[in-house]
Amino acid sequence: MADRPLALATIPGDGTGPEVTREAVKVLEAISKLEGFTYEIEELDWGGDRYLRTGELIPEGGLDLLRTKQAVFLGAIGHPDVPPGVLEKGLLLQLRFQLDQYINLRPVKLLPGVETPLAGRGPDDIDFVVVRENTEDLYCGVGGYLKKGTADEVAVQQAIYTRKGCERCIRWAFEYTRKRNSPKKTLTLVAKTNVLTFGHDLWWRTFQEVARDYPDVKTDYNHVDACCMWMVKNPDFYDVIVTTNMFGDIITDLAGILQGGMGVAAGGNLNPDAGGVSMFEPMGGSAPKYTGTDQINPIAAINAMAMLLEHSGQPAAAARIEKAVAHVTGTKMKSQAAGRMGYGTAAVGDLVVEALAQH
Ligand code: IPM
Ligand code: MN
C-alpha cells in the first residue's frame, strides 16, 4: 500500500511571505519527485489582508483544520496597516500556544559562501542550535494597567514559568543534544539566575535535575548578557543552547545575523508530542516594501521547508535539500543580503531545484 500523502497547510501570509513560500513549495515539489513521496497542500489566506477585509485572525474552525495536518508552513506575517501586536499576538502567538508548540528550534549554521559580520570566522566556527521555550514567559500576555493614561499609570507584564513548561523544554533539549551528537555534546542553559531569582531559579533547578538523566551530555550555564558576548567572541564554543522564550527571541536575532541574517535563518515551532502539529517559518518578517520585487532571499524559507520535512518523517529529503542549498550558496550566489544575491527570489529557487538533481 502506498504511503498516505503528507498533509500540509501553508499560510503564505503578508508582504513577501507568499513569494518566499512559493520557492519553498517549488523545492518541495522537486524533492518529492526525487525521493518518491507525495503531499497535499491546503493554502490558507490568513494574515493582514484577510484581517483588514473580515476582521478575522484565525477563522472559526481554523485550529481544528490545522490539527488535521501533519505540519504547517508559515511565510511571514506583518502588515503596515495593522497596528503592532494584532497579527503577532492574534495569529502567530495564538498558533504557537493553541497548538502547544512548546519548542522553538532555531539552528544557527553559517553556510558556505554566506557572509558573516564576524571577521575571520567561517562555517566551521558557526554551527549551533538554540532551543527556545515557546509557550511561557513574558509572552503569556498576563498583566494589565492601573490608572491608564494618567500621570500615575502603572503597567504590569508578568513572566510565567511553570515546572511542566521548563521541564519539557529542557528534557527535549537534552534529547536533542544527545541525538545531534556533536564532538562538543554540550547543552548550555542561558538565563539570568543572578537577577530573576524565582523564575530562573526554577529553570536552574530543573536543568540540574534533568541533567542527571543525561550523564553523556556535558552541561554549561551562561547568563544571557554574557551569552551575547560569547556568541560574538567565541561562537564555536556553542553546541546546543536551551533558554526561555523572551531571551530566546533576543539571542536568536543576534545568532541569526551571525549566520548571514534573515535571508537564511529558519525556525521550527515544534509540538513533539504524538499527534502534535508543528509549524515552520523563515525567521525574517514580511518586508512590505519589497513585496513583489523578487529581491528577498528565499533560502530561509527553503531551509524552513527542509526542517519541516526532517520533522515530518522525510529526513533524507531534508538532508538533500540542505546539501543543495549549501551548493547554491557556496558556488552561485554573491551574497545573501536582500537585493545583493546576484539572483532574484524565483531564480534562487530554481538554482536549488537544479542542484537537487545532482545532490
Ligand atoms: C520571532 C518573532 C516573534 C516573537 C514576534 C513576531 C511575535 O520575533 O518569531 O522571533 O517574538 O516570537
Ligand atoms: Mn524574534
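**Around ligand 1**

Guide: Happy to! Please keep in mind that this is a predicted model. Ligand 1 is surrounded by E88, L92, R96, R106, R132, Y139 and D249. Sorted by class, this shell has five charged residues and two nonpolar ones, with no polar residues. Helix α4, which spans residues 86-98, supplies the largest share of the shell, three residues. Seen by domain, at least three shell residues come from domain 1 (1-115 + 261-359), and at least three from domain 2 (131-259).

Now for the polar contacts. The side chain of R106 places a polar atom 2.8 Å from an oxygen atom of ligand 1. For R132, an N or O atom of the side chain is likewise 2.8 Å from a ligand oxygen. In D249, a side-chain N or O atom lies 2.9 Å from an oxygen atom of ligand 1. Taken alone, the ligand exposes 320 Å², and the protein buries 72% of that.

As for the cysteines, the structure holds zero disulfides. C166 has its closest cysteine sulfur in C169, and because the two sulfurs are 8.3 Å apart, they are too far for a bond. C166 counts as buried because its relative accessibility is 0%. For C228, the closest cysteine sulfur belongs to C227; at 5.5 Å, that is also too far for a bond. C228 is partly exposed, with a relative accessible area of 27%.

Technical notes: Residues numbered from 1 in each chain as written. Chains lettered and ligands numbered in written order. Predicted model: local features only at pLDDT ≥ 70, side-chain atom pairs only at ≥ 80, totals over all residues. Heavy atoms only, no water. Disulfide = S-S within 2.5 Å. Buried < 20%, exposed > 50% of the residue type's maximum accessible area, 1.4 Å probe, protein only. Near = heavy atom within 4 Å. Polar contact = N/O pair within 3.5 Å; in protein donor to acceptor, adjacent residues only side chain to side chain. Areas by Shrake-Rupley, 256 points an atom, 1.4 Å probe, with all protein chains shown as cover. Helix = DSSP H or I, 4+ residues; strand = E, 2+ residues; numbered from the N terminus. Nonpolar A, V, L, I, M, F, W, Y, C, P; charged D, E, K, R; others polar. Domains from an automatic or database assignment.
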